[in-house]
Amino acid sequence: MTIAVGQRAPEFHLPSLDGPMTALSDYRGRSVVLVFLRHLG
Amino acid sequence: MNAIAQKYAPQDVGSIFLYTHEAHPGEYCPHLTTMEQKFTHARDLRDKLGVTRPIYLDVLDGACHRAYGSMPNMSWIFSQSGIAIYKSDWSDSHSVANAIQYFLEVIQRRRSGERMAGFRVERLDYRIQNREAFFQGLARNGPKAVREYREAFP
C-alpha cells in the first residue's frame with residue numbers, strides 16, 4: 001500500500017552516509033522535499 | 001536538486017536525499033546484497049553528483065522506497081503539516097522548483113488572509129533526455145546492464 005497526494009506521509013527513520021539518523025518527523029512544521037536517488041554507472 | 005535544496009532552505013523548506021539502490025546492476029556495479037555495499041554506492045553517487053547535503057540510505061530491501069511508490073527517481077513534497085502535496089515519478093529540478101515556488105505562494109496567500117482549499121491536478125511535466133549519457137552509465141555498470149536494458153526496451 002503506497003501513499004497518494006493528499007495523504008499523510010509515512011514516517012521513516014533512516015541512517016545517513018555520515019552517521020546521524022533522520023526521521024521525517026524531524027522536519028515537522030516545515031515543508032519538505034523528498035528526493036529518491038538511484039545510482040547509475 | 002542540490003541547488004534547489006540550497007536555494008529554498010532559507011525559506012524553511014527541508015530537503016531529504018534518499019539513496020535507494022543501483023538503477024541497472026551489472027558486472028561492475030552489482031545488485032546490492034549488504035548495507036556496506038549500499039554505503040559504498042551512495043558515497044560514489046554523492047561524489048559523482050556533487051551532493052553537498054546529507055544523503056540518507058533506505059534499508060536493504062527498499063521498504064521506504066516501496067512505501068512511497070517504488071518509481072525509479074521519485075520526488076515528493078510534503079506540506080508543513082506532513083501531507084503529500086506533490087508527487088513526481090521523475091526527479092526534475094525545474095518541476096520541483098516550480099512546485100515549491102507555487103506552494104510557498106500558497107503559504108503567503110493564506111498568511112495574508114485568503115481562504116484556500118486544495119484540489120487535485122494532473123499534468124505532464126518535461127525533462128531533458130540524454131540517451132547518450134544514459135547508455136554511457138549503463139556501460140560503466142557492465143555489459144549485463146546494457147544487454148538487459150536493450151532486451152527490456154528493444
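**Aromatic rings, cores and surface**

A: A:Phe12, A:Phe36, B:Tyr68, B:Trp76 and B:Phe78 form a cluster linked by ring pairs. The model is a predicted one, in which local features need pLDDT of at least 70 and side-chain atom pairs count only at pLDDT 80 or more, while totals for chains, interfaces and linings use all residues. Residues are numbered from 1 along each chain as its sequence is written, chains are lettered from A and ligands numbered from 1 in the order in which they are written, and side-chain values use heavy atoms, with hydrogens and water left out.

Q: How many aromatic pairs does a search of the whole structure find?

A: A pair of aromatic rings is described by the distance of the centres and the angle of the planes. Rings of Phe, Tyr and Trp (its six-membered ring) pair if their centres lie within 6.5 Å; planes under 30 degrees apart count as stacked, over 60 as edge-to-face and the rest as tilted. Over all chains, the search finds ten aromatic pairs. One of them joins B:Phe134 and B:Phe135: the ring centres are 5.5 Å apart and the planes stand at 80 degrees, so the pair is edge-to-face.

Q: Which kind of pair do the rings of B:Phe135 and B:Tyr149 make?

A: This pair is also edge-to-face, because its centres are 5.6 Å apart and its planes lie at 85 degrees. B:Phe135 belongs to helix H5 of chain B and B:Tyr149 to helix H6 (residues 143-152) of chain B, so the pair ties together parts that are 14 residues apart in sequence. Helices (H or I, at least four residues) and strands (E, at least two) are DSSP runs, numbered from the N terminus.

Q: Are B:Phe135 and B:Tyr149 buried or exposed?

A: Buried means under 20% relative accessible area, exposed over 50%, and partly exposed in between (1.4 Å probe, protein chains only). B:Phe135 is buried at 17%, and B:Tyr149 is buried at 15%. B:Phe134 has 22% relative accessibility and therefore counts as partly exposed.

Q: Which residues touch the most other members of the largest nonpolar core?

A: In soluble globular proteins, nonpolar side chains tend to be buried together. A nonpolar core is a set of buried Ala, Val, Leu, Ile, Met, Phe, Trp, Tyr and Cys residues joined through side-chain atoms within 4.5 Å. In the largest core, of 25 residues, those touching the most other members are A:Val33, B:Tyr8, B:Tyr19, B:Ile55, B:Ile77, B:Val96 and B:Ile100. Among the elements giving two or more residues to this core are strand E3 (31-39) of chain A and helix H1 (2-8) of chain B. H4(B) gives the most, with six residues.

Q: What does A:Val33 touch?

A: Contact means heavy atoms within 4.5 Å. Leaving aside residues up to four places away in sequence, the residues that A:Val33 touches include B:Val13, B:Ile16, B:Trp76 and B:Ile77.

Q: How is each chain built from helices and strands?

A: Chain B has six helices and four strands, in the order α-β-α-β-α-β-β-α-α-α along the sequence. Chain A has zero helices and three strands. Buried residues make up 40% of the 154 residues in chain B; of the 41 residues of chain A, 51% count as buried.

Q: Where is B:Phe119 placed?

A: B:Phe119 sits in the loop between helix H4 (93-111) and helix H5 (131-141) of chain B. With a relative accessible area of 66%, B:Phe119 is exposed.
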